[in-house]
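Subject: Structure for your files

Hello,

Here is the structure I said I would pass on. My notes follow below it.

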Amino acid sequence: MTDNRRNEDFRDMLARMERDGHLRRVAKTISPRHITALCGKASSALLCEAVDDYDIPVVGGLYWTRARTASALGWPEGELGARFAACVTRPIAPELVNDAPCQEVVITGDDVDLTMLPIPFMHEKDGGPYISAGVAFANDAQLGPNAGCYRLMFRTRQEMGIDLFTASDLRRYYSAAYGRNAPLPVAIAIGVHVFEHMAAAYKAPAGWNEMDIAGGLHGAPVHLVRGKTVDVAVPARAEIVLEGELLPTGWTADEGPFGEFAGMQGDLKKNPLFRVTAITHRRNPIFYALQMPWENDWLNGPATEAACARVLGLAGIQVAAVRATEGGCCGWSVVASIKKRAGEGRNAIAALLSLPVVKQVIVTDDDINIYDSNEVEWAVTFRCQADKDIVVLSGMKGKHVDPSVRPWDLKPGELPTTAKFGIDATIPEGIPAFRYERIVPAFRDEVRLEDYL
Amino acid sequence: MSKDADAALVERIENCLRQPVYFRDILDALRDRPYRAVLRAWSEIRMQHALERDDFGRYSLPKR
């Protein structure tokens, strides 16, 4: 399934998206002030070729919709979860190389100047320009290499704030280094293939190397290269790499607010500082500005759909399709269609709501096209009795980012709980299927639209 | 002052920061200057001052 893309990199992916009609070039000069607004108004991803005062083009909006994400991945829209699940089970270890496109240009020492990069200012109340598409690479002597997605706020020519507020592997690595009063070497890759980006965003089980997963997604080893100033390996075909250290200053530097993945403006935080020791890049690099929230959310969408299919399978339920919806940030809200046996509508709800992030669920029969919101609404309308078919579970694990759990009322360190619900929109037990017989236009197969329009 | 920062621009940003402002307000006030020049001046500001932030994330110069 990935044979034709084994050696694909970020710009190969862009070329395919352009061929698919999901990426358009903008020739007119634009300010980094306006890139996010323009991407938000466009019906495709945009490659802004002329950025005011910079000689580096900016691309954004790549994974804004399911269709664009599918184009980037090269997978059918309805198979994102299934393909992700299949590839994750076949990890392939990365290979270390010596020569790398991402090191065609190397800038070190006092010449390092982050203002050479067209780091955009994205949202009205952001604390500054942000690198939103950074994939951070780090090592730990015990835990091994790690890759993850972290935002970075521009502060000075050589320093950025990095968000390590919530629990993550990098936070764990940094905490250990901070405990030794030592800096943590880190490299930030900007403009990596969606397989590497998605693998880094994936909440991999402990001990898994995200680049092994990226290899599984590619169907071939990811080529990595050691940094020029840090002993950290990064994707060799990244567009731009920032090498440096997380300083042992702890959570002391102001960072944020930033427009977060849930679509709401986040809070001002105290976070560590990233000091840049080198900027390396391709000749003629492309800067990737990931647009919040949907691009960030779609990086997790296939993994969510894969996890849903997995828990339904563990519950012995035959799954027809699973869809993580955009309105639910590709994780919090899920629609699933199943080949139902008696009671399995509710079993499916219980299984899906056991996933930490899933907060609301609709379960339908497999005759419903769950990618059509009208069909899902039809099923909810006519197959659901609200007093019997809505399951509410309270006191479940919640997330601070959800204002409805009133996180500001929590004591320091206290975790929020949340109510979750599911709608069983399968045909109720005892009602024969013929009661739901759908109308069919007469002689449908004899009529071809193109013969008349 | 670093070699790339524009002293006049730094001073204009300092004037903006005499009251709490969002970063967006600074960009808005300096529309007549290139984005990159503003970022270079902002870098200088952050190296020279321990800026204060209010609960909304607005910046201001430290009170003396």
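How many helices and strands does the secondary structure of chain A come to? The count is 11 helices and 23 strands. Please keep in mind throughout that this is a predicted model.

Overall dimensions

The C-alpha trace of chain A spans about 75 × 60 × 40 Å along its principal axes. For 453 residues, a compact globule would have a radius of gyration near 22 Å, and the 23 Å of chain A agrees with that. Chain B has three helices and two strands, which run α-α-α-β-β from the N terminus on. Its C-alpha atoms fill a box of roughly 30 × 25 × 15 Å, again taken along the principal axes. Chain B has a radius of gyration of 11 Å, in agreement with the value near 11 Å that a compact globule of 64 residues would have.

Domains of chain A

The domain assignment gives two entries for chain A: domain 1 covers 78-283 and domain 2 covers 315-436. Their centres, taken over C-alpha atoms, are 34 Å apart. Six residues from domain 1 of chain A and five residues from domain 2 of chain A make up the contact. On the domain 1 side, the residues that touch domain 2 divide into two nonpolar, three polar and one charged.

The sheet E19 to E23

Five strands of chain A form an open sheet with mixed pairing, in the order E19-E20-E21-E23-E22. E19 (318-324) and E22 (390-397) of chain A are the edge strands; each has a single partner strand, so one side of each is left without a neighbour in the sheet. From one strand to the next, the twist averages 20 degrees.

What joins E22(A) to E23(A)? Six bridges do, and E22(A) and E23(A), the latter at residues 417-425, run antiparallel. Within this pair, Val392(A) stands opposite Phe421(A) in E23(A).

Two helices of chain A lie across strands of this sheet. Helix H8 (residues 294-314) lies across E19 and E20 (333-339) of chain A, and runs at about 155 degrees to E19(A). Helix H9 (residues 344-353) of chain A lies across E20, E21 (360-365), E22 and E23, and runs at about 150 degrees to E23(A).

Packing of H6 and H8

H8(A) also packs with helix H6 (residues 194-201) of chain A, at an angle of about 75 degrees and with 9 Å between the axes. H6(A) and H8(A) are therefore roughly perpendicular to each other. On the H6(A) side the residues are His197(A), Met198(A) and Ala201(A), and these meet Leu299(A), Asn300(A) and Pro302(A) in H8(A). The residues of this contact divide into four nonpolar, two polar and no charged.

The interface between the chains

How many residues of chain A are in contact with chain B? There are 22, and they are in contact with 15 residues of chain B. Strand E9 (residues 152-156) of chain A gives the largest share of the chain A side, three residues. By residue class, the side of chain A that touches chain B divides into seven nonpolar, six polar and nine charged.

Regards

Conventions. Residues numbered from 1 in each chain as written. Chains lettered and ligands numbered in written order. Predicted model: local features only at pLDDT ≥ 70, side-chain atom pairs only at ≥ 80, totals over all residues. Pairing = 2+ DSSP bridges. Helix = DSSP H or I, 4+ residues; strand = E, 2+ residues; numbered from the N terminus. Axes fitted to C-alpha atoms, helices over the stretch in contact; angles between N-to-C directions. Contact = placed C-beta atoms within 7 Å. Nonpolar A, V, L, I, M, F, W, Y, C, P; charged D, E, K, R; others polar. Domains from an automatic or database assignment. Parallel < 35°, antiparallel > 145°, perpendicular 65-115°, else oblique. Rg over C-alpha atoms; globule rule 2.2 N^0.38 Å.
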